[in-house]
Structure formats: C-alpha cells, structure tokens
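This report describes a protein model in plain terms. Please look over the sequence and the 3D view before reading on.

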Amino acid sequence: MSGKQRVAIVGVGYSTVGRNTGLSLDTLTAQASIAAMDDAGVTPRDIDGVVVHSFPHQYVSSTHTAAMLGIPDLAFYSSSVDGAAYAVAALHGIAAVASGSSDMCLTLRTVHRAGAAGGTALMGGGENAGVGGQFQFGMPYGSFTGAHFAGLYMQRHMAQYGTKEEDFGAFAVAQREYALRNPAESFFHEPLTIEEYMNSRYIAKPLHLLDCDYPVDSSSALIFTTEERARDLKQKAVFFDAWAMGTTAEADFSLVEDMTHSSPFMAARRMWSKTDLTPSDVGVAGLYDGFSFIALQWLEALGFCGEGESGPFAAAGNTRADGIIPTNTDGGACNVGRRHGANFFIEVTRQLRGTAGDRALPRKPAAGVVSNAVGGFAACALITAD
Amino acid sequence: MTETAQVRPVRPAPDSLTSFFWDGARERRLLIQKCASCGRFQHPPEPVCHHCLSFDLGAGEVSGRGTIYSFEIATQAFHPWFADKIPFVIAVVELAEQPGLKLITNIVEADLAAIEIGDEVQVTWHQLDDEFTLPVFRPVGG
C-alpha cells in the first residue's frame with residue numbers, strides 16, 4: 001500500500017450514454033455524479049474533493065462541477081487536460097485521499113462523441129489558418145487522429161513478433177462475448193466472428209474499424225474515500241493497493257523510442273514495485289481498448305504473458321472468462337462506448353465487490369488491475385476486494 | 001472549379017521555432033533542429049535541447065537517408081484534402097544521422113504491398129501549394 005490512508009472505491013455511476021444524447025457536458029457530468037453518489041449512499045455535503053479529466057476542447061472544470069452539485073466547500077480540486085484519460089483523475093483522487101487532502105473525492109471523466117476525433121477538431125482557426133505546434137509535423141501528411149498512431153504500433157508489433165491481424169481480432173471477439181452478457185450497457189448485441197472482424201474496413205491498415213472503441217457521449221464518476229468512512233457506506237468497499245503513472249521521453253505518440261515498449265511498461269513496472277501482489281494474484285483486468293492493440297500491450301507490460309506474446313495469448317482465449325486473465329468483462333469501450341478509461345475502473349470494482357450480475361466471473365477475483373492509455377503516457381492501478 | 005468546391009491542403013502554420021524547417025523544405029533541403037552546444041539533433045523543434053538543456057539551438061542539414069521505423073496504409077480520409085489521395089502511406093522514418101531521430105512522413109513512389117519496416121528510404125519533395133513543400137520519402141532504388 002503506497003499512501004498514508006488506504007483508499008476505497010465506494011461509489012460508481014454513469015450518465016445517460018448514447019451516440020448523440022443531445023445532453024451538454026455539464027448535464028452528463030451532473031448525471032454521473034448523482035448516480036455515483038446514489039450508489040455510495042452519500043450526498044454532496046459528504047464530498048470535499050472533485051477531480052476531473054477532460055479533453056481541452058471539452059472542458060468541465062472541477063470547481064464548476066462542485067458548484068453544479070451544490071458542494072459548499074472543496075478541500076481538494078484538480079482539473080487535468082493532459083495524460084492517460086480517466087486514470088489521471090483517478091490517480092489524483094487517490095493521492096488526495098491517501099494524503100489526507102480529501103476525505104471523500106468525486107472523480108470524473110466526461111466526453112462527447114466527437115471528442116477524440118482529433119484532427120480537424122484540433123486544427124482550430126479553420127483549414128486556411130494551418131496547423132501549428134507539433135501537429136504541423138503530422139497533419140499535413142494525413143496523420144490526424146489516434147487511429148494514425150495505432151496502425152503504426154500494430155505494424156511494428158507484427159513485424160517484430162509475427163503478430164497477426166487475427167490475433168487482434170481474437171481479442172475483439174472475446175470482448176464481444178462479454179458484451180452480450182452486458183445488454184444494458186453494450187451497444188452491440190450480436191456475436192462477433194473473426195471473419196466479420198477481418199472483413200471490417202481498414203482505417204489505417206493494419207488497423208480495422210473493429211479495433212477502435214465506439215465513440216459516444218458519456219460521463220463516468222467514481223467516489224473514493226478513506227477505509228474508515230468506507231465501512232459505514234452502502235456498498236462493499238474495494239481498495240486501491242498500488243498505482244502508478246508512466247511516460248515516454250517523447251511527447252508525440254508516433255515518435256516514441258520503442259512502440260512495442262511504450263509507457264505501459266514504465267507504469268506497470270513502477271506499480272508492481274509498490275506491492276506484494278503479483279500477476280498471478282489478479283483475477284480480473286480492465287485494460288484500455290481505445291484500440292485493441294493497447295490492451296495487448298498492457299497484457300505484456302503487466303506480465304500476464306511474455307513480451308511479444310500477447311497476440312497468440314489473446315488468440316488462445318486467455319482473456320475470456322475461463323482464461324488466465326478475464327479482461328474487459330463489461331465488453332470494453334469497443335462495446336459499451338468510449339467512457340475514456342473510466343469503465344475499466346467501474347467494471348473491475350463491480351466484479352470485486354460482487355455487483356457484476358450476470359457477468360460475475362466463475363472464479364471470483366480477489367484482486368483486479370486497471371489501465372489507461374499507451375504511447376506517450378499511461379497509468380494503472382491494482383484494486384483488491386478487501 | 002468554384003470557390004466553394006475548392007479543397008485546400010492541410011497546411012503547416014510555422015512559427016519562430018519551426019519556420020526554418022519549412023523554409024528549408026521550400027529549397028528542397030531537409031533541415032532538422034540541432035543543438036549548437038552538444039551537436040545533437042531533435043525533432044519536432046523545441047525551445048530547449050532535451051539532451052543538454054541548452055537554448056542555443058540552430059538547424060542542421062541532414063542527408064535525407066533513413067529507414068522505415070513503422071508505417072500504415074491510410075484508407076480513410078480524415079480531411080477532405082485526402083479524399084482522392086487514399087490509399088496512401090503514413091510512415092515514421094528514422095533518419096541516418098542519429099539513432100531515434102524520427103519524423104512522421106509519407107512514403108511515395110512505392111509499391112504499397114511491398115513496403116516493409118526497415119526499408120531504406122531517401123527524402124524527396126511534395127509541393128503542397130505555392131507556399132509549402134513537404135519532405136516525403138521514397139524507397140532507395142525504387
């Protein structure tokens with residue numbers, strides 16, 4: 001345990017989620033916050049910390065969020081626009097509670113469907129104004145969006161280790177199996193075959209459409225508190241055991257030194273150095289799947305398989321419910337939509353506290369691991385049931 | 001073509017830090033930011049040298065030789081300019097001058113089915129419009 005205070009997850013919640021909800025970022029944020037408070041059995045007056053992570057162009061600040069919810073006074077607030085998706089908010093919230101800066105911290109990730117389309121959204125000023133900053137060295141070449149680093153990372157892994165497109169597809173197929181057991185949250189309700197994956201169009205070959213998460217409007221909220229306060233709340237608390245961020249020396253995802261050993265390796269190594277747990281103690285994983293290769297890189301970084309072996313590992317079914325490490329048991333963001341990292345924390349919490357319903361794993365896990373992002377920045381955490 | 005139907009390319013917006021790169025490209029010279037203190041190249045340009053923290057940075061001309069670190073075949077246009085360009089190759093090329101010195105580019109004049117990581121490439125030039133020229137790469141001997 002890394003901090004002074006043990007940090008518990010005591011509430012989780014989602015907003016209305018949909019392709020085009022017509023709801024503002026503020027409304028979605030308030031909905032998810034209220035859902036998480038209801039889940040925990042707390043009110044705004046119990047909360048003294050708010051942490052958000054946003055895309056810079058879809059910004060809802062922590063203090064504005066607190067004002068919307070009628071939280072009278074914040075002991076801790078933080079709004080980040082840089083880094084590993086929801087996990088940045090989570091790790092700030094953990095740090096706040098562990099250090100005693102906040103007794104009960106609401107952590108949030110709100111995203112509109114168009115958020116990560118990047119490209120033209122980031123150009124600002126219209127096309128005639130041109131693109132500045134680091135983007136002037138990518139966008140004129142047609143490198144606009146996450147898909148354009150993803151294809152490069154996949155190709156490099158395939159060339160280095162002999163990974164096949166079908167291996168990435170096997171991961172997508174396994175995720176869909178989970179999604180069918182999560183009809184309330186999944187946007188997909190039919191089984192996926194490897195043939196359908198292979199026949200899905202390329203975005204940036206070797207990247208297929210079905211390697212990509214599903215863009216939606218969503219807000220996700222989790223509430224963290226101290227062990228002492230957690231014991232009196234509505235839900236069975238689960239606890240953060242260890243957590244870590246990691247980065248590469250290069251900021252541009254397409255220019256990292258080693259695409260097959262990017263920031264997940266740094267974050268995972270750091271996290272394992274802070275715990276007595278090992279990968280064999282972990283019974284459930286929530287691994288970021290903005291693109292399917294990201295989850296595969298995390299399988300290697302976290303040590304669930306050897307370096308370079310994630311393709312055959314996934315193809316052999318090891319991420320399924322009866323496999324070595326059941327992964328993304330809610331269906332992942334490819335199926336439940338882009339919650340930008342928060343769904344992994346929420347689903348692993350539900351598995352560990354026993355509220356996963358039909359998705360409860362045959363072997364009830366005592367510990368789970370969650371991860372966000374890849375490339376230039378990453379973060380991960382271990383969560384235990386007790 | 002009417003004014004409204006014209007699709008303009010995605011142009012860089014150079015600033016004081018980056019204009020040397022585009023000025024060089026216009027003259028068909030590949031210039032990369034180079035530290036006057038330690039002699040190391042870095043890309044994209046930054047105000048300070050990552051290696052020695054010197055602010056005394058200039059530009060150095062490189063050979064334009066390199067190898068393909070990774071590549072992909074773009075099959076979806078994320079901007080109207082690329083609608084009639086797909087499929088085309090986006091690549092990361094590692095320049096010969098320094099290990100790890102890489103840039104995002106296009107591979108041109110290549111058989112899309114034959115490109116491999118590790119292929120040797122040489123800079124060539126794609127005139128984007130009246131003002132800008134992009135350094136792109138073609139296979140050596142291709």
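Ala373(A) is found in the loop that links strand S10 (367–372) to S11 of chain A. The model is a predicted one. In it, the phi angle of Ala373(A) is near 75°, a positive value in a residue that is not glycine. For comparison, most residues other than glycine have a negative phi, and most peptide bonds are trans.

Chain A holds an open sheet of 9 strands with mixed pairing. The strands follow the order S3-S2-S4-S7-S1-S8-S11-S10-S9. Strand S3 (76–80) and strand S9 (284–287) of chain A are the edge strands, each pairing on one side only. If direction is ignored, neighbouring strands of this sheet are turned by 25° against each other on average. Strands of a sheet pair through backbone hydrogen bonds, in either a parallel or an antiparallel way.

Strand S8 (residues 238–247) and strand S11 (residues 377–384) of chain A run antiparallel and are paired over 8 bridges. Within this pair, Gly246(A) stands opposite Ala378(A), which belongs to S11(A).

Helix H1 (residues 25–40) of chain A lies across strand S1 (7–14), strand S4 (104–111) and strand S7 (218–226) of chain A, and its direction is at about 130° to S1(A). Helix H2 (residues 62–69) of chain A packs on the sheet as well, where it touches strand S2 (49–53), S3 and S4 of chain A. The direction of H2(A) makes about 125° with that of S2(A).

**Salt bridges**

How many salt bridges does a search of the whole structure find over all chains? The search finds 17. In one of them, Glu177(A) is joined to Arg320(A), with the closest N and O atoms 2.8 Å apart. Glu177(A) lies in helix H6 (residues 165–180) of chain A, and Arg320(A) lies in the loop between helix H11 (310–315) and helix H12 (333–336) of chain A, so the pair ties together parts that are 143 residues apart in sequence.

**Chain B**

The secondary structure of chain B comes to 1 helix and 8 strands. Read along the sequence, the pattern is α-β-β-β-β-β-β-β-β. The C-alpha trace of chain B spans about 50 × 40 × 25 Å along its principal axes.

An open sheet of 3 strands in chain B has the order S2-S1-S3 and antiparallel pairing. The edge strands are strand S2 (41–42) and strand S3 (57–61) of chain B, and each pairs on one side only. Strand S1 (residues 31–35) of chain B is joined to S2(B) by 2 bridges. In S2(B), Gln42(B) stands opposite Gln33(B). Helix H1 (residues 19–26) of chain B lies across S1 and S3 of chain B and runs at about 140° to S1(B).

**Where the chains meet**

At the interface, 37 residues of chain A are in contact with 36 residues of chain B. The two chains bury about 3,300 Å² between them, and 61% of this is on carbon and sulfur atoms. Phe137(A), Tyr141(A) and Leu255(A) supply 25% of the area that chain A buries against chain B, more than any other three residues.

What kinds of polar pairing cross the interface? The rule finds 0 salt bridges there, but 20 residue pairs in polar contact. On the side of chain A that touches chain B, the elements giving two or more residues are helix H4 (120–123), helix H5 (146–161) and strand S5 (202–205) of chain A. H5(A) gives the most, with 7 residues. The residues of this side divide into 17 nonpolar, 13 polar and 7 charged.

Strand pairing also crosses between the chains. S5(A) is joined by 2 bridges to strand S4 (residues 65–74) of chain B, and the two run antiparallel. Here Ala204(A) stands opposite Ala74(B) in S4(B).

Notes
Residues are numbered from 1 along each chain as its sequence is written. Chains are lettered from A and ligands numbered from 1 in the order in which they are written. This is a predicted model: local features need pLDDT of at least 70, side-chain atom pairs count only at pLDDT 80 or more; totals for chains, interfaces and linings use all residues. Side-chain values use heavy atoms; hydrogens and water are left out. Contact means heavy atoms within 4.5 Å. Buried area is the accessible area (1.4 Å probe) that two parts lose on being put together, summed over both. A salt bridge is a side-chain nitrogen of Lys or Arg within 4 Å of a carboxyl oxygen of Asp or Glu. A polar contact is a pair of N or O atoms within 3.5 Å; within protein, one must be able to donate a hydrogen and the other to accept it, and residues adjacent in sequence count only if both atoms are side-chain atoms. Helices (H or I, at least four residues) and strands (E, at least two) are DSSP runs, numbered from the N terminus. Ala, Val, Leu, Ile, Met, Phe, Trp, Tyr, Cys and Pro count as nonpolar, Asp, Glu, Lys and Arg as charged, and the others, Gly among them, as polar. Two strands pair if DSSP finds at least two bridges between them. Axes are lines fitted to C-alpha atoms, for helices over the stretch in contact, and angles run from 0 to 180 degrees between N-to-C directions.
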